[in-house]
Amino acid sequence: MVFKDKKYMLLFLTPAILLITVFLYYPLYKTFVYSFTNFSNWSPKFSYIGLENYKRLFEDPVILVSLKNTGILLLGTIIVEVGFALVLAILVDSIRKGFKFFRMVYFFPVVISGTAIGLMFYLAVQYEYGLLNGLLTAMGKEKIEWITEQSSMILVLIPVLWQYVGFYFVIFLTAMASIPQDIFESAELDGITGFKKAIFITVPMIWDVIATVIGLVIAGSLKVFDVVFVMTGGGPLDSSQLLSTWLYQQSFVFNNQGYGSTIAVAIIVLGLLIYVLSSKLTQRESVNY
Amino acid sequence: MKNKSTYIPEKMFFKGKMSKVATYIILSFWALTTIAPLLWVLLNSFKNNDEIISNALGLPQMYLKTGNLFTNFESLGRFSDNNIFRGFMNSFIISGSALFGILLLSSMAAFVLARFKFRFTKQVTAYLVASMLIPQFAVIVPNFVIMREIAKVIPNFQGSYMTVIIPHVAAFCNFAILMLTSFMKTIPAELEEAAIIDGCSIPGIFVKIITPLSIPAFVSVGIMVFLWSYNDLITPLVYLTKVNLPVTVLISQVQGLYSTDYGAMMAAVTITVVPVLLLYVFSQEYVIKGLTAGAVKG
């Protein structure tokens, strides 16, 4: 059935489009505008200061730290998160008993909010009563101060990576289930099993999905906020600051909305840049079956 | 001849009998990492400070003996500014309304995209897809200004639930529209044709035919957007005033408030995590399907 009534077309489509325009596209444009101003303390009186904020961005030492941290996060997510998810999916795909159990528990962290996970890991690394020091004491060792300037980024990295392994694991598992069985059968007749089979058959067969997932984790790594905000708040001494947490601090704690908007522009530009690069890198002929 | 349907190819990753053992050891190890922290928090939310330190990994004993096992949970209501129970109510009001708004607006828009002869279908779809690429952080400051402008016209708007519901609807409905459109396209058109002949109007078709038939898609899209909204931290953190804060924001402030009451902090995590996990365990297939279908949005 194809309807043509223009009245209903407008009536049904307009609310959603209007909302997206007013609360997504218009603010996006506004962010670019604010990034050239000295907008601060939410005062409606602000003036254009040219590229002043961008100059500040390039001279800001915290930006350098958060870029470095974003880099660590990116490498971590691509290698550890995607890697673990892939290995676990290959292994779970190979068993029959316990398949459902593993899929269920691996997905646990995905449904929990980043905030609760942040608090959970915050509690786990505390000196007095944390899980890690509890384990150390149980093994008869001395307690350790876990969160330091050097370790903070690695410590927040663990829950961030841990949370989404199960998510990509399920995506890989679903993709593997759609590989036709006869390919494995003929591989077996040729004597290809185990490790070789995973590398030469399973991985190439789902390469499309792996590429998509790499795109997803890259986009996701720029969105990380909750876990870091709750666990360290970007500290100690800004050592675990990310672009997102720094943007929050500038805009809503130091009340520097102009400069905060410049950081937002940096996030957008960085996102586009990484996206273009990664889609170039993961591009490969897709397998049809 | 070997019956093909009963032939199951050997899929084990490692060779021989050891392979099975190794596989299960690795898988169990990861399962342990996803279960152990949750179990640790759960157990410790029933202990007092001394016991959390002296008996970190064991079962709770002291509160069990004295019979007031839920002491930590009771103390969560201690701060009137940070009442986790009220936070739950706020969370459900916000995410429930956002869910309702998203499903309503998205199904209407999806109906047009799936069923109307519309010249700009392609452009509208591109507009929606592009809007999904706009990061939350890129709109948070200007939206705050917009909210303040609205508050000048509507009294009591500043800090109200609506300041979070509206951005959530705007941010998540693009994806819902695309999902629902592709679902509605698969609904056979015969029913609608028959309804038209019987004199049914277009809104009638939408309410009586398209909506009921789209319920499976509503469920998976609904779970997804509800969890996104429920788990979101930054929007309510920035826009809401104290009494309206949802549970995510309250949880993010717990370390400051309860800094010496370890048990209460554990209880705070438990009480946020358990309902979501229960919901998940009982509707696993829907949740997994809903969330991974939403992968594009991440």
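Where in chain A is the place of A:D238? The place of A:D238 is the loop of chain A between α12 (226–231) and α13 (243–253). This is a predicted model. Chain A has 14 helices and zero strands, while chain B has 15 helices and zero strands. The two chains touch through 86 residues of chain A and 81 residues of chain B.

**Chain A overall**

- Read from the N terminus, the elements of chain A run α-α-α-α-α-α-α-α-α-α-α-α-α-α.
- Chain A has a radius of gyration of 24 Å, whereas a compact globule of 289 residues would have one near 19 Å.
- Along the principal axes, the C-alpha atoms of chain A fill a box of roughly 75 × 75 × 35 Å.
- Buried residues come to 44% of the 289 residues of chain A.
- Of the contacts in chain A between residues at least 6 apart in sequence, 70% join residues at least 24 apart.

**Chain B overall**

- With 15 helices and zero strands in chain B, the radius of gyration of this chain is 25 Å, well over the 19 Å that the globule rule gives for 298 residues, so chain B is more spread out than a compact globule.
- The C-alpha trace of chain B spans about 80 × 75 × 35 Å along its principal axes.
- In chain B, 44% of the 298 residues are buried.
- Among contacts in chain B with a separation of 6 or more, 73% are between residues 24 or more positions apart.
- The domain assignment divides chain B into domain 1 (4–76) and domain 2 (79–257).
- The C-alpha centres of domain 1 and domain 2 of chain B are 36 Å apart.

**Contact between the chains**

- Chain A supplies 86 residues to the contact and chain B supplies 81 residues.
- On the side of chain B that touches chain A, helix α1 (residues 16–44) of chain B gives the most, with twelve residues.
- By class, that side of chain B holds 59 nonpolar, 15 polar and seven charged residues.

**Helix packing in chain A**

- Helix α3 (residues 61–94) and helix α11 (residues 207–221) of chain A pack with their axes 9 Å apart, at an angle of about 145 degrees.
- The crossing of α3(A) past α11(A) is right-handed.
- From α3(A), the residues in this contact are A:T70, A:L73, A:L74, A:T77, A:I78, A:E81 and A:V82.
- They meet A:V213, A:I214, A:V217, A:I218 and A:S221 in α11(A).
- The contact of α3(A) with α11(A) has eight nonpolar, three polar and one charged residues.

**A:I117**

- A:I117 lies in helix α6 (residues 114–124) of chain A.
- A:I117 is buried because 24 other C-beta atoms lie within 10 Å, and the cut-off for buried is 20 or more.
- Leaving out residues up to four places away in sequence, A:I117 touches A:P109, A:I112, A:P159, A:Q163 and A:V227.
- A:L131 is 14 residues from A:I117 in sequence, and their C-alpha atoms are 14 Å apart in space.

**B:Y286**

- Helix α15 (residues 284–293) of chain B contains B:Y286.
- B:Y286 has 17 other C-beta atoms within 10 Å and is therefore partly exposed.
- Beyond its neighbours within four places in sequence, B:Y286 is in contact with B:V219, B:S220 and B:I223.
- B:S220 is 66 residues from B:Y286 along the chain, yet their C-alpha atoms are separated by 6.0 Å.

- Most residues other than glycine have a negative phi.
- A:D238 is not a glycine but has a positive phi of about 65 degrees.
- A:D238 is partly exposed, with 19 other C-beta atoms within 10 Å.
- B:N156, also a residue other than glycine, has a positive phi near 65 degrees.
- B:N156 is in the loop of chain B between α7 (140–153) and α8 (162–184).
- B:N156 counts as exposed because it has 8 C-beta neighbours inside 10 Å, and the cut-off for exposed is 12 or fewer.

Terms used: Residues are numbered from 1 along each chain as its sequence is written. Chains are lettered from A and ligands numbered from 1 in the order in which they are written. This is a predicted model: local features need pLDDT of at least 70, side-chain atom pairs count only at pLDDT 80 or more; totals for chains, interfaces and linings use all residues. Two residues are in contact if their C-beta atoms, placed from the backbone, lie within 7 Å. Helices (H or I, at least four residues) and strands (E, at least two) are DSSP runs, numbered from the N terminus. Ala, Val, Leu, Ile, Met, Phe, Trp, Tyr, Cys and Pro count as nonpolar, Asp, Glu, Lys and Arg as charged, and the others, Gly among them, as polar. The radius of gyration is taken over C-alpha atoms; the globule rule is 2.2 Å times the number of residues to the power 0.38. Axes are lines fitted to C-alpha atoms, for helices over the stretch in contact, and angles run from 0 to 180 degrees between N-to-C directions. A crossing is left-handed if the near helix is turned anticlockwise from the far one by less than a right angle, and right-handed if clockwise. Domain bounds come from an automatic or database domain assignment.
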